[in-house]
Amino acid sequence: MAETAIMKSIDSCTLKNGQVDAIAACSLMKRYKGSGHQALNDLSLQVTKGEFFGLLGANGAGKTTAVSLFSGFMSPDSGTVSIMGMGFRRDAKKIRQILGLVPQEIALYDQLTARENLLFFGRLYGFRGKKLQERIDQCLEFSRLTEQASRLVFSYSGGMKRRLNLATGLLHLPEILFLDEPTVGVDTQSRHLIHQQLVELNQKGTTILYTTHYMEEAQELCSRIGILDAGSIIKQGSPDELLKQSDCRNLEDLFLQLTGKQLRDT
Amino acid sequence: MLKIITATCKELILLKRDRAGLLVLFLMPALLVIVITLVQENVMELTGQKSTQLLLLDLDEGELGINLRQRLAGEQIEIVAWDKQLKTSVDVEKAIATGNYQVGLIIPAGSSVTMREAATQLLQTTVQSGNDQPALRLYLKVFFDPGIMPGLRSGITAQLQMALGAIAMEMKIENLGKEIGKLVTQLGIPQDALPIDNLSEHIGQPLFTLDENRDGAVDSESPPYNPVQQNVPAWALFGMFFTAVPLAGSILQERRSGIWIRLASLPLSHLVLFVGKVIAFVVVCLCQFVLVGLIGAFLFPGIGLPAFSISQNPGAVLLVVFLSSLAACGFGLFLGMACSTYEQASTLGYTAIVASAALGGVMVPVYAMPPLMQELAIISPLNWGLNAFLDILVRGDALSAIWSDLGRLTLFFFLTMLLAWNLVRARK
């Protein structure tokens, strides 16, 4: 019975004009144990295939929680998530084959080299032999780390780690990519390179969900954005549409207009 | 399977690169087994589980000293004789007081002559009525190291008294035989009609023999109990369980970085990663045991300790090592999932392991504990491992005797792994 209800709920969220959304979240609720704070509060969201969607929010708005739920790392208290029309309860393995995740923290082993890190994650994705070596070389080239591939990640700069972190999430050529603030603490050159590569990926058909609190980044990269505040999406649309509707000069003004100027992480 | 091998290789590489951590993992049990065994070797001297050194200064150099040495030979007393030209009774007293020897005995000059006179006088007093001469007495000086246990002191005193009593009895019988011989001659009975010549030998035959019965199938080839056979497996086991903390640390490092989230996004179960960790750390535990075993087998004989041996049943020993390692790894997985920080895991882990080792008989044998603690020892995984080791290595038992302990270790591994797995699911 519960399974049927979930499937109906997924259907109502995803099947529009006969097209299945890449990501569909429906009425997500999440509260962490021991916290009085509602991390996600009735969050609903649809991202279509090939879209570059930006999730904007202040610190503590619920961006990382949303990504954790979308990627199946956590389960919602209520509500449903579907990826390409599939739910984690029944098709977790299939979803994970097509989904890439770049966490906010550096998700690499410090005491392994870049090549060893890629080899480890690549093998866990099921790549073997020549195909694996090819993918590793492509990822190293993508992150401009071919010459430093044999150095321990421990010795890398923040920018190098971020680039490798991103490349590791792309090892298995995912159809959908979740990026949780991938440019935090990165220098201008590395950020520029990351942006350029993400745009290229999106142009090749990868659906991207990108969380950030850098407004200019979202304006530059995203075809559509959702503004997240206190666990709910309070506004969504393309940057141009949103700016037109609000008469604001830029996304930062719009963001402050919508969420207010008081600090949100206290 | 390939994913498990990948996870195992990654863990082994990370362990290899953490040289300081690895050094601690191997150095700690090696150092502990050497220090504790040397300390216990001394304790065994003081409790009499090892032969006791008796320092003898024979100022008499007569038949008493020779006889006494012969009678004590074969007992657990090793006699060290000092030359009376070079040493005095004061030297003996000092050597004992400083703990260099456990017992000192001085036979005063002229003791053998006095002994014969005393025996003759005693017989005369007995056969000649009206002879009221005061009995001659012989005094030997004995010193004990104040550090030795009262039980050992009583034991040595009893052994000395028995030996001296036997010498005195032999002399009395010899004199009695001579006296009977005289009477027989006077009565005209042929000498060979009575076994007078062998009288002391005949009378000295013991009437009772204490038959020590050791329960179970004791392998006559199993080495005698010594601190090495106890300490090598005990401290190797202690070291193996200590690997639980670095294993927990490796999980916590992944959980606290983005790695855990990335791993959760992969198309594989966390169980694969757990199994990879367990295999890698079981390899570490096996290496630890091999190292400690090699120290016991090859280094110990070089420093005057008995050699460690697993030759009775190496297969059973390896099985105990393997299952103990699994139990230790299971505990590590549980710690890694139950704790939030490395500080929590190390404090909780080390405390639990030390308490479990103390309770399990690694530090003090279980039989020497108060009754309540002996009852509680059964809950310690280190007790299960140690019991199995001692059954094989000391008691010479077969594999069938340790199934219950092996079963407990296996169950503990699966239970802790299941708890860790449930915590992974609960944290979702």
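Student: How many residue pairs does the rule find in polar contact across the interface of chain B and chain A?
Tutor: Bearing in mind that this is a predicted model, the rule finds 9 residue pairs in polar contact between chain B and chain A, counting those where both residues are at pLDDT 80 or more.

Student: And which elements of chain B give two or more residues to the side that touches chain A?
Tutor: Those elements are α1 (2-17) and α10 (259-264) of chain B, and α1(B) gives the most to that side, with 8 residues.

Student: How do the residues on that side of chain B divide into nonpolar, polar and charged?
Tutor: The side of chain B that touches chain A has 13 nonpolar, 4 polar and 7 charged residues.

Student: What is the count of salt bridges between the two chains, chain B and chain A?
Tutor: The count is 1 salt bridge, formed by R17(B) with E116(A), whose closest N and O atoms are 2.7 Å apart.

Student: What area is buried between chain B and chain A?
Tutor: It is about 2700 Å², with 65% of that given by carbon and sulfur atoms, and the contact involves 24 residues of chain B and 31 residues of chain A.

Student: Switching topic, which residues touch the most other members in the largest nonpolar core?
Tutor: In that core of 103 residues they are F70(A), I83(A), F178(A) and L209(A), while helix α12 (residues 314-338) of chain B gives the most to this core, with 13 residues.

Student: What does L209(A) touch?
Tutor: Leaving aside residues up to four places away in sequence, L209(A) touches residues including I23(A), L45(A), F53(A), F70(A) and F178(A).

How values were computed. Residues numbered from 1 in each chain as written. Chains lettered and ligands numbered in written order. Predicted model: local features only at pLDDT ≥ 70, side-chain atom pairs only at ≥ 80, totals over all residues. Heavy atoms only, no water. Contact = heavy atoms within 4.5 Å. Buried area = accessible area lost by both parts, 1.4 Å probe. Salt bridge = Lys/Arg side-chain N within 4 Å of Asp/Glu carboxyl O. Polar contact = N/O pair within 3.5 Å; in protein donor to acceptor, adjacent residues only side chain to side chain. Helix = DSSP H or I, 4+ residues; strand = E, 2+ residues; numbered from the N terminus. Nonpolar A, V, L, I, M, F, W, Y, C, P; charged D, E, K, R; others polar. Core = buried A, V, L, I, M, F, W, Y, C linked by side-chain atoms within 4.5 Å. Buried < 20%, exposed > 50% of the residue type's maximum accessible area, 1.4 Å probe, protein only.
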